[in-house]
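Biologist: I am new to this structure. Please walk me through the terms as we go.

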Amino acid sequence: MTADKQRLDKQSTDAVDSDEPSEPAPVLEILYQDDYLVAVNKPAGLFVHRSYLDRHEKYFALQLVRDQIGQYVYPLHRLDRPTSGVLLFGLSQDVARLMGEQFSDNRIQKTYITMCRGFTPDSGIIDHPLKEKLDKLGDRFVSEDKPAQQATSEYETLAKASLPVPLGKFPTVRYSLLKLKPKTGRRHQLRRHMAHLRHPMLGDINYGDNKQNPFFGKHFGFRRLMLHAWQLDFIHPITRQKINIRASLDTQWQQVFSALQWQNPDISHD
């Protein structure tokens with residue numbers, strides 16, 4: 001048995017065994033594919049791979065991509081379960097290593113779209129150190145006394161809107177649509193940085209607004225984190241060509257754009 005076949009067999013254990021009638025596996029949109037890399041548009045609510053948090057989940061992005069293209073894939077970066085958008089995999093260990101170096105050295109430009117509470121400034125740089133977020137199981141031996149790490153994010157406000165509805169002590173509900181570019185790679189960096197600015201992301205159950213989130217869910221008819229990994233820009237590790245991968249925003253985002261009369265950044269911005 002070849003090493004790749006052994007890896008493929010091992011990766012197949014990502015699926016959860018069940019006696020229930022099987023439902024068709026979701027089909028992920030492939031955004032980019034060549035002999036070395038494959039990228040998909042991950043929907044919100046889908047784990048990248050198995051972890052201790054997902055014992056009841058049936059499908060994972062890694063498993064779905066592997067089955068769609070018929071070969072073992074190597075996850076190259078993290079997208080939290082509630083975050084949608086560009087998710088990149090390598091197709092060999094060598095490519096995964098080379099891309100891992102680019103991610104570690106912050107040579108890959110990530111661009112996100114988010115929706116936040118309140119009216120944000122037109123643009124700015126958030127330079128706010130963050131304490132490392134520790135996993136209760138995986139990081140149980142890591143010291144909690146580690147100093148805060150440098151964390152920098154850029155933001156640009158794309159649109160603003162308000163609803164004539166009083167909420168809490170405010171007479172109206174205000175929203176901003178932003179483009180975010182993290183310059184460092186700390187866990188939950190963008191979510192924590194926007195909360196630091198007192199403009200938390202809509203649907204953020206960890207750092208968000210406990211009045212705005214329920215209102216948003218009731219008003220728009222769905223609950224989710226409004227954070228989308230919109231674009232990746234990097235140099236291909238083999239061909240050395242510039243690569244740009246963009247993931248379009250889903251129907252729930254489109255619903256919000258329509259309700260607030262916002263232009264879709266997929267077509268209104270480069």
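Biologist: How much space lies in the largest cavity?

Modeller: About 50 Å³. First, a caution: this is a predicted model, where local features need pLDDT of at least 70, side-chain atom pairs count only at pLDDT 80 or more, and totals for chains, interfaces and linings use all residues. Residues are numbered from 1 along each chain as its sequence is written, and side-chain values use heavy atoms, with hydrogens and water left out.

Biologist: What makes a space a cavity?

Modeller: On a 1 Å grid over the protein atoms alone, a cavity is a set of points where a 1.4 Å probe fits but cannot get out. Grid points are joined across faces, edges and corners, and the volume is the space filled by probe spheres set on the points. The structure holds 1 cavity of 30 Å³ or more.

Biologist: Which residues line the largest cavity?

Modeller: A lining residue has an atom within 4 Å of a point. Here these are His77, Leu79, Val86, Lys110, Thr111, Tyr112, Ala229, Gln231 and Leu232. By class, the lining has 5 nonpolar, 3 polar and 1 charged residues. Nonpolar covers Ala, Val, Leu, Ile, Met, Phe, Trp, Tyr, Cys and Pro; charged covers Asp, Glu, Lys and Arg; the others, Gly among them, are polar.

Biologist: What makes a pocket a pocket, and how much space lies in the second largest pocket?

Modeller: A pocket is an open set of points with protein on both sides within 12 Å along at least five of seven lines. The second largest pocket holds about 560 Å³. Its lining has 24 residues, and Arg78, Lys110, Tyr112, Gly185 and Arg186 lie nearest its centre. The lining divides into 8 nonpolar, 8 polar and 8 charged residues. Helix H4 gives the largest share, 3 residues.

Biologist: How do you know what counts as a helix or a strand?

Modeller: Both are DSSP runs, numbered from the N terminus: helices are H or I with at least four residues, strands are E with at least two. By that rule the chain has 7 helices and 10 strands.

Biologist: Why is Thr83 called buried?

Modeller: Buried means under 20% relative accessible area, exposed over 50%, and partly exposed in between (1.4 Å probe, protein chains only). Thr83 has 4% relative accessibility, so Thr83 counts as buried. Thr83 sits in the loop between strand E3 (74-75) and strand E4 (84-90). Contact means heavy atoms within 4.5 Å. Leaving aside neighbours within four places in sequence, Thr83 has contacts that include Lys42, Tyr112 and Ala229.

Biologist: What share of the chain do buried residues make up?

Modeller: They make up 44% of the 270 residues. In helix H5 (residues 212-220), the buried ones are Gln212, Asn213, Phe215, Phe216, Gly217 and Phe220. They pack against strand E5 (109-117), strand E7 (152-163), strand E8 (173-182) and helix H6 (251-260).

Biologist: What makes the contact of Lys183 and Glu154 a salt bridge?

Modeller: A salt bridge needs a side-chain nitrogen of Lys or Arg within 4 Å of a carboxyl oxygen of Asp or Glu. Lys183 and Glu154 meet at 4.0 Å, N to O. Lys183 lies in the loop between E8 and helix H4 (189-196) and Glu154 in strand E7, so the pair ties together parts that are 29 residues apart in sequence.

Biologist: Where do Glu156 and Lys179 lie?

Modeller: The side chains of Glu156 and Lys179 form a salt bridge of 3.8 Å, N to O. Glu156 is in strand E7 and Lys179 in strand E8, so the pair links parts 23 residues apart in sequence. Glu156 is partly exposed at 32% relative accessible area. Lys179, at 11%, is buried.

Biologist: How many salt bridges are there in the whole structure?

Modeller: The search finds 9. One of them joins Arg107 and Asp105 at 3.3 Å, N to O.

Biologist: What makes a set of residues a nonpolar core?

Modeller: The set must be buried Ala, Val, Leu, Ile, Met, Phe, Trp, Tyr and Cys residues, joined through side-chain atoms within 4.5 Å. The largest has 28 residues, and those with the most contacts inside it are Val65, Val73, Phe89, Leu180 and Met201. Helix H2 (61-69) is among the elements supplying at least two residues of this core. H2 gives the most, with 5 residues. A second, separate core of 23 residues includes Leu202, Met226, Trp230 and Leu249.
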